[in-house]
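Please walk me through this structure.

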Amino acid sequence: MQANGTGQDRDSELSCRNGEQNCESSSTGVAHSNGLVSVSNNGNTVSNNNNGVSSQTASNNSNSTSAAKKKKRLSQSEEDVIRLIGQHLHDLGLKLPRRMTRSVCVVIPKNRVRCEVSQVDVACDRSKALFGTLLIDFKVQELTTVDLLMQESGCRLEHPSATKFRNHVMEGEWDKAESDLNELKALMHSPSAIVRMKFLLLQQKYLEYLEDGKVLEALQVLRAELTPLKYNTERIHILSGYLMCSHAEDLRTKAEWEGKGTESRTKLLDKLQTYLPPSVMLPPRRLQTLLKQAVELQRERCLYHNTKLDGGLDSVSLLLDHACSRKQFPCYTQQILTEHCNEVWFCKFSNDGTKLATGSKDTTVIVWHIDMETQQLKLLKTLEGHAYGVSYLAWSPDDTYLIACGPDDCSEMWLWNVQTGELRTKMSQSHEDSLTSVAWNPDGKRFVTGGQRGQFYQCDLDGNLLDSWEGVRVQCLWCLSDGRTVLASDTHQRIRGYNFEDLTDRNIVQEDHPIMSFTVSKNGGLALLNVATQGVHLWDLQDRVLVRKYQGVTQGFYTIHSCFGGHNEDFIASGNHKVYIWHRRSELPIAELTGHTRTVNCVSWNPVLPGLLASASDDGTVRIWGPAPFLEVQDAEGLSGMTMKTCV
C-alpha cells in the first residue's frame, strides 16, 4: 500500500544532490503504530493518514527521531538480510535518482520478512514493500539505490575486489578480470579454486574471440593460456574442435553457448561465484532461493496441501503465510454409486484416472467413466459371471485389461478387455487353487497371481503358465518397477521379494501379526500395510524399517485395502467403520469421513485428480469424495458427515 506523495521542494532536492548529510537533517520520517510513515519537510509535517496525530506532535518527535538516526550496530543476521535486499535490488536494476524519497508506506505484518513465507510475488512493488518494512525495523528509512542502502545501513554488499571482478567480467575485460583473481585468492577458503575460475574465464574469452572471427587470438588463448593450466584437458580438446566452426551460429549451437553478451557472461559469473565465500560475493539470487525454500517448507507443513504448483515465485504472494482450506480437501460426498446389489469388496481407479472399477459380492464388475471436468461418474460397462464374487481388481499398465479375482474359495481368475468388454482369458490351473490376488508386470505382457493355498504363478495374457513358485501361501502381491522383483505377503507375517528370473528370494518386511493386505508407493520406496489387530503401518522398503504406525483405525482378521494418494502421494487413506485420512508424516488422522453404514472394505485415490477419492463398503455403495461443493459451510458439512481433526 503506497502512501500519497511527500514531495520535497526545489531547494531540498538541490541540497540532496549537494550533500547527503544536509538532506538527512532536512527530512525526517516518523513511523506510526499503524504501519504508515508521516514525513516532515523542514519542520512541516505531512500526514499520510488522518489518524489524529497532529502536525505539532510529529514536529516534537523529530528531535528524538534525529537522535535515532545515529548508526545502529546491526547484528550479523540483520547485515545478511540487508545484503540480500541489496543484491535483489541490484538484480532488479533499480537505478533511481540519488534524492531522498521519504515515503516508505506499507501496511503489512511487522517483521514479515523474518517469518517463514510461502506465497511470493516477485513483482517489483511487492518486493519494495517488504523491504521497506524490514528497513524501518532496522531504522533505515530511505530506500533509493543500492549504494544508498549500503551507506545508510553501514553494510557492504560485497568485497570491493569482488565488485571490481564482477564489473570486469560483465564488461568482457578479461585481462583485468584475471588480474582481479590474484586479489581474491587471499580471500578464498580454497586457493586451488583459482585455477578452475581462471579456466572458466579463459574459456569465455576464447569463445568470444571465435565468435568475433578472431581465430588467431583464440588460438593464442588456447595454446598459451588454457593449455598451460593443465586442467580439464578433455574439455580443451573439445574447445579446440570449435576452431572448425564455419560461422557464429554454428559455434553457439555446437558449444551450447548463448554467444557473446550479457546472458553468457551472467551465467559465467554465476559459476564463478560458487568458488567465492558468501562474505566476499553473495551466491546468485540468494534471496529468491531462500524464499523458494520457505515456500516449499510451508507447503510441506500444510496438512491439507493437495495441489500441484510450480516451483517458481510468480504465482504466489509474500504477504500471507501458506494455508490450504479444509474445504479444498476430498472430504465431502460428491456422488453415491448404488448400482451394485450386494456388498462392494473392492474399488480401483485406472492408471490414467479416467475410469473406476468396482467389484462386488453380487458377481459383477462395474467400470465407471469419469468426466475429468465435472468429476462425475457414469456407468460404462458391467462385466458379469464371477460366480464367487469379486474381491480384487488390477488394471494393466496401459489400462487396456482388467483382472478380477475372487475370495479364498475361488480357483478362477478373469482377464477382461475393458475397451471391448470381452473376456480374453478365464484362468484356472486347478480346482484346488485359491487365486485371490494379482499384480501386473510393468511390461504389461505378464502378471503374477496366487492365494493362501500355496499357489504362486507367473502367466502371460492368454493364461499360459510361465513360472511358478511352490509352497508360498500368498496374501497379497505387488510387482516392482524393475520388472524382476515381485513382493508377496504370506502367512508367516512377512513380505518377501521373489525374483522369477534367477529364482532367488529375500526377506524385506517382518511383522509380529498377520499382514492382511499391502500396497506400494509409485516410486517403490514405501509400503503401506494393513496389519491384523494393529492397524496401518508404513514401511521403508529400501532401509527395511518401520517408519510410522497410524492411529485412530482398528483392523481385525479381515481384509481392508488402504492406499497412497493426493499430490505427490502425501496422504494415506484407509477404511473400517469410516474412511480415515492421514498426512503421510502425521500419525493422527486429519479427517474421518462418515456416510457408509457398514464396513469400508477398500479406498482408492485417483492418480490424476488429487481431489477425488472412492470408497467401497459392505453397505452396497461406492462413495465418491471430493472438495466441498459451492454451498454454505454448514450445508456442506451436513452433506458430508465429515469430522475434521487437526494434528499437533
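**The pocket and the strands around it**

The lining of the largest pocket is made up of 27 nonpolar, 18 polar and three charged residues. This is a predicted model. The pocket's volume comes to about 1,100 Å³. In all, 48 residues line the pocket, and those closest to its centre are K348, N351, W478, V520 and K522.

Which strands each supply at least two residues of the lining? They are strand 5, strand 9 (392-395), strand 13 (437-440), strand 17 (474-479), strand 21 (515-520), strand 25 (563-565) and strand 29 (600-605). Two of these names, strand 5 and strand 29, come back below as members of sheets.

Take the sheet with strand 5 first. Its four strands follow the order 5-6-7-8. The sheet is open, and the pairing is antiparallel. Strand 5 (344-349) and strand 8 (377-383) are the edges; each has a single partner strand, so one side of each is left without a neighbour in the sheet. From one strand to the next, the twist averages 20°.

Now look at the pairing within this sheet. Strand 7 (residues 365-370) and strand 8 run antiparallel and are joined by six bridges. V367 stands opposite K381, a residue of strand 8. In general, the strands of a sheet pair through backbone hydrogen bonds, in parallel or antiparallel fashion.

Next, a hairpin. Strand 11 and strand 12 form it, with four residues between them. How many bridges pair strand 11 (residues 413-417) with strand 12 (residues 422-427)? There are five, in the antiparallel sense. W414 has K426 of strand 12 as its bridge partner. In the turn sits G421, which has a positive phi of about 75°.

Last, the helices. Helix 7 (residues 160-171) packs against helix 13 (residues 262-273) at an angle of about 145°. Their axes are 9 Å apart. Is the crossing left-handed or right-handed? The crossing of helix 7 and helix 13 is right-handed. Helix 7 brings F165, R166, V169, M170 and E171 to the contact. Helix 13 brings T262, R265, T266, L268, L269, L272 and Q273. By class, this contact of helix 7 with helix 13 holds six nonpolar, three polar and three charged residues.

Technical notes. Residues are numbered from 1 along each chain as its sequence is written. This is a predicted model: local features need pLDDT of at least 70, side-chain atom pairs count only at pLDDT 80 or more; totals for chains, interfaces and linings use all residues. Side-chain values use heavy atoms; hydrogens and water are left out. Axes are lines fitted to C-alpha atoms, for helices over the stretch in contact, and angles run from 0 to 180 degrees between N-to-C directions. A crossing is left-handed if the near helix is turned anticlockwise from the far one by less than a right angle, and right-handed if clockwise. Contact means heavy atoms within 4.5 Å. Ala, Val, Leu, Ile, Met, Phe, Trp, Tyr, Cys and Pro count as nonpolar, Asp, Glu, Lys and Arg as charged, and the others, Gly among them, as polar. Two strands pair if DSSP finds at least two bridges between them. On a 1 Å grid over the protein atoms alone, a cavity is a set of points where a 1.4 Å probe fits but cannot get out, and a pocket is an open set with protein on both sides within 12 Å along at least five of seven lines; lining residues have an atom within 4 Å of a point. Grid points are joined across faces, edges and corners, and a volume is the space filled by probe spheres set on the points.
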